[in-house]
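Subject: Structure handover

Hello,

Here is the structure for you to look at. Please open it first, then read my notes below.

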Amino acid sequence: MNYLERFVISGGNPLKGKVRISGAKNAAVAILPAVLLADSSCIIENLPNISDVANILKVMSALGANVKLINKSTVEIDPKNVNSFVVSKQMAEGMRASSYFLGALLGRMKKAKVAPPGGCN
């Protein structure tokens, strides 16, 4: 594999500007279920605006977590009222990251029943 090892910039003018880096999907889908292990509400920022994130938030709400969207990339999740350890097939379909709920629910509820991950859209 060829990896870019360096940038060579010529031109005599300093570079300036801003670049906004969106959140990483693979990080977000792992971090969000981990919030179920918290004792109080958590604010997660810089989430990518993708269906996997939206689906995970729906599942967390169905499990009893209080999910509050602050803006399109920030969410506050309070897991105190989580009262279910089941992620049904209907909740897991279309979401490849449902398996992350296994560890989070085992840690919080001491048991978990999670349907196999769904496929890509």
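First, the ground rules. This is a predicted model, so local features need pLDDT of at least 70 and side-chain atom pairs count only at pLDDT 80 or more, while totals for chains, interfaces and linings use all residues. Residues are numbered from 1 along each chain as its sequence is written, and side-chain values use heavy atoms, with hydrogens and water left out.

**The helix pair**

Start with helix H1 (residues 25-34) and helix H2 (residues 51-63). Helices here are DSSP runs of H or I with at least four residues, strands are E runs with at least two, and both are numbered from the N terminus. H1 and H2 pack at an angle of about 5°, with axes 10 Å apart. Axes are lines fitted to C-alpha atoms, for helices over the stretch in contact, and angles run from 0 to 180 degrees between N-to-C directions. H1 is therefore roughly parallel to H2. That label is for angles under 35 degrees; over 145 is roughly antiparallel, 65 to 115 roughly perpendicular, and the rest oblique.

Which residues meet? From H1 come Lys-25, Ala-28, Val-29, Leu-32 and Pro-33; from H2 come Asp-52, Val-53, Ile-56, Leu-57 and Met-60. Contact means heavy atoms within 4.5 Å.

Now look at Asp-52, in helix H2. Asp-52 counts as buried because its relative accessibility is 12%. Buried means under 20% relative accessible area, exposed over 50%, and partly exposed in between (1.4 Å probe, protein chains only). Beyond four places in sequence, Asp-52 touches Lys-25, Val-29, Gly-94, Met-95 and Arg-96.

**The core**

The largest nonpolar core has 26 residues. Such a core is a set of buried Ala, Val, Leu, Ile, Met, Phe, Trp, Tyr and Cys residues joined through side-chain atoms within 4.5 Å. Leu-32, Met-60 and Phe-101 have the most contacts inside this core. H1, H2, E3 and helix H4 (100-109) each give two or more residues. H2 gives the most, with 6.

**Glu-76**

Glu-76 is in strand E3 (residues 74-78). Glu-76 is partly exposed, because its relative accessible area is 22%. Where does Ser-41 come in? Ser-41 is 35 residues from Glu-76 in sequence, yet 6.6 Å away in space, C-alpha to C-alpha. Their side chains make a polar contact (3.3 Å). A polar contact is a pair of N or O atoms within 3.5 Å; within protein, one must be able to donate a hydrogen and the other to accept it, and residues adjacent in sequence count only if both atoms are side-chain atoms.

Best wishes
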